[in-house]
Amino acid sequence: MALETDKFVYFHIPKTGGTWIRNAIKKSGIICKEVGDTHITVRRILHDYDYAHILRDKHVIVSIRNPYSWYQSYWSFKMKVGWSMNNPFDNLCASNDFNRFMINVYDNCSEYYNHIIDSFLIDEYVNCVILYESLVTDFTRAMRDIYGFDCSFSDSRVNVSDMSGLRSYDMARYNDYTYGLVSKMNGHIIDKYYA
Amino acid sequence: MVQRFKRCWFNVIRYDNQEDTWHRFDPDLYIGCSGHRQNIPINRRAKVAIHVNPYGPPSIPGIDESEQSINWVKKQKPDAVFGYGFDEDKIYWKFWEDRENIKWIPMPTAADRTIFSDLNISKEYDIVYLGGRWGYKAKTIDAFLLPLLKTFKSNKVCGWGDWPPGVCSARIPNDVVNEFLNSGRVGPCISELHTHKNGIDVPERVWKLALCGVPSVHDSVPTLHNVYKSAVVAKDPTDFSNLCGKLLSDSDFYNQVANDQTSEVLKNHTYHHRLSRLLHDLGFVEESSLLANS
């Protein structure tokens with residue numbers, strides 16, 4: 001669900017630190033309500049709900065993640081919870097080998113992450129993009145800009161795809177070939193947000 | 001395994017904890033299993049490979065190897081362990097190598113060419129299924145197979161375990177299994193929930209049916225296509241039924257799938273291939289070639 005407060009609406013792209021942001025918002029005491037499904041997109045909320053005026057009136061926050069680590073995190077998460085054939089992306093790309101997974105993504109769903117980003121980052125509405133890589137800093141700054149006061153948030157992230165103490169980075173290692181595939185698929189996102 | 005080795009002129013005996021037998025036979029290779037623990041001589045010439053369950057960073061509750069078994073396997077000082085997964089499933093056995101320093105060799109199920117073949121007999125039933133049903137397996141059988149049997153009345157199920165009344169005929173002897181599978185036009189393949197999620201432990205049925213010339217439809221295992229291009233894999237129970245129906249009604253599709261599956265299994269998924277790989281990875285290169293080329 002998107003999380004709506006009196007002054008902003010937060011949209012949660014999977015594997016971008018959204019669970020931490022949700023908890024941070026709730027712990028801060030800011031009154032909020034959930035709207036739609038867990039990972040409802042900006043495009044979808046505009047289509048399914050009468051939300052255009054609300055998104056224009058409020059700050060709209062979206063967190064994103066560097067594509068390189070987003071694929072690692074997604075795959076590690078699936079290693080933990082399992083693949084699902086009802087998920088079209090899993091259906092086409094599932095593999096228990098990370099590099100094979102990346103080849104499947106390139107062959108079958110190369111636009112998937114671009115499509116996710118495009119569904120959320122609609123320039124007309126979104127005016128605050130938080131990077132997963134600087135999640136706490138970016139979120140703290142956003143709250144200060146919106147509410148005008150400082151909150152302190154700790155970087156105790158939740159819902160990470162840890163397995164026996166290993167982080168997704170350790171579990172999912174690119175080889176030279178698959179590393180190159182990411183820039184082919186998502187180069188413009190990397191250039192725009194991570195140059 | 002025993003059949004396959006014997007056909008290639010290997011001497012094989014069953015070892016049951018009798019050291020006298022071991023030393024008289026003096027094997028080159030011992031194959032054991034963590035689920036059937038028998039201590040083996042530590043001072044030996046033989047290389048040792050032991051079948052084990054997953055032990056990896058992604059945990060699969062109820063399927064992972066127990067700590068007791070891990071300790072027992074370590075005491076046997078095996079040259080390698082193997083499990084029911086493909087190369088790409090290594091992550092589920094990763095700690096055997098990373099923590100215990102024991103090489104893991106993929107040993108997915110396969111088809112036995114010495115038993116299964118296309119008999120070119122008339123196909124009496126639209127659907128044939130052979131297998132057991134028990135609590136855990138029933139979750140997928142009930143979701144995928146039972147609705148299918150209601151749709152396609154020309155079916156025969158043989159097996160064991162706890163089947164609903166009127167569904168399963170009987171258990172059949174091993175020597176008629178090939179004939180039974182040959183009697184069907186389509187073979188539905190049911191696996192277990194952890195196979196759906198994790199892709200490991202694919203049952204043998206899908207490979208056997210291919211050698212019988214019977215096209216199969218597999219339940220929802222999204223990783224199966226990576227290792228078996230010709231697999232017909234259903235998204236859900238409705239899709240499962242639809243795909244079986246399509247095979248039964250579309251002869252071109254039927255023949256294409258049957259031919260592709262048979263060819264692919266003969267090329268990549270018989271126990272020749274599995275044992276050849278096992279021997280190769282244990283350092284028996286010549287013997288591996290012998291199996292591969294037999």
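As a general background, nonpolar side chains tend to be buried together in soluble globular proteins. Please keep in mind as we go that this is a predicted model.

Let us stay for a moment with B:Ala49. Leaving aside its neighbours within four places in sequence, B:Ala49 is in contact with a run of residues from B:Pro78 through B:Asp79, B:Ala80 and B:Val81 to B:Phe82. B:Ile31, B:Ile105, B:Leu278 and B:Leu282 are also among the contacts of B:Ala49.

Now step back to chain B as a whole. Chain B holds 13 helices and eight strands. Its radius of gyration is 20 Å, close to the 19 Å that the globule rule gives for 294 residues, so chain B is as compact as a globular protein of that length. The C-alpha trace of chain B spans about 60 × 40 × 35 Å along its principal axes. Of the 294 residues in this chain, 41% count as buried. If you take the contacts in chain B with a separation of 6 or more, 64% of them are between residues 24 or more positions apart.

How is chain B divided? It consists of domain 1 (2-110 + 270-292) and domain 2 (125-268). The centres of these two domains, taken over C-alpha atoms, are separated by 28 Å. Where the domains meet, 14 residues of domain 1 of chain B are in contact with 14 residues of domain 2 of chain B. On the domain 1 side, the touching residues are eight nonpolar, four polar and two charged.

For a closer look at one residue, turn to B:Phe180, which lies in helix α6 (residues 177-182) of chain B. Is B:Phe180 buried or partly exposed? With 18 other C-beta atoms within 10 Å, B:Phe180 is partly exposed, because a buried residue needs 20 or more. Not counting residues up to four places away in sequence, B:Phe180 touches B:Val128, B:Leu130, B:Cys158 and B:Ile172. B:Tyr228 is 48 residues from B:Phe180 in sequence and 24 Å from it in space, C-alpha to C-alpha.

Finally, look at where the two chains meet: 17 residues of chain A are in contact with 15 residues of chain B. On the chain A side, α4 (67-81) and α5 (88-93) are the elements that give two or more residues. By class, that side has seven nonpolar, six polar and four charged residues.

Note on methods
Residues are numbered from 1 along each chain as its sequence is written. Chains are lettered from A and ligands numbered from 1 in the order in which they are written. This is a predicted model: local features need pLDDT of at least 70, side-chain atom pairs count only at pLDDT 80 or more; totals for chains, interfaces and linings use all residues. Helices (H or I, at least four residues) and strands (E, at least two) are DSSP runs, numbered from the N terminus. The radius of gyration is taken over C-alpha atoms; the globule rule is 2.2 Å times the number of residues to the power 0.38. A residue is buried if 20 or more other C-beta atoms lie within 10 Å of its own, exposed if 12 or fewer, and partly exposed in between; C-beta atoms are placed from the backbone. Two residues are in contact if their C-beta atoms, placed from the backbone, lie within 7 Å. Ala, Val, Leu, Ile, Met, Phe, Trp, Tyr, Cys and Pro count as nonpolar, Asp, Glu, Lys and Arg as charged, and the others, Gly among them, as polar. Domain bounds come from an automatic or database domain assignment.
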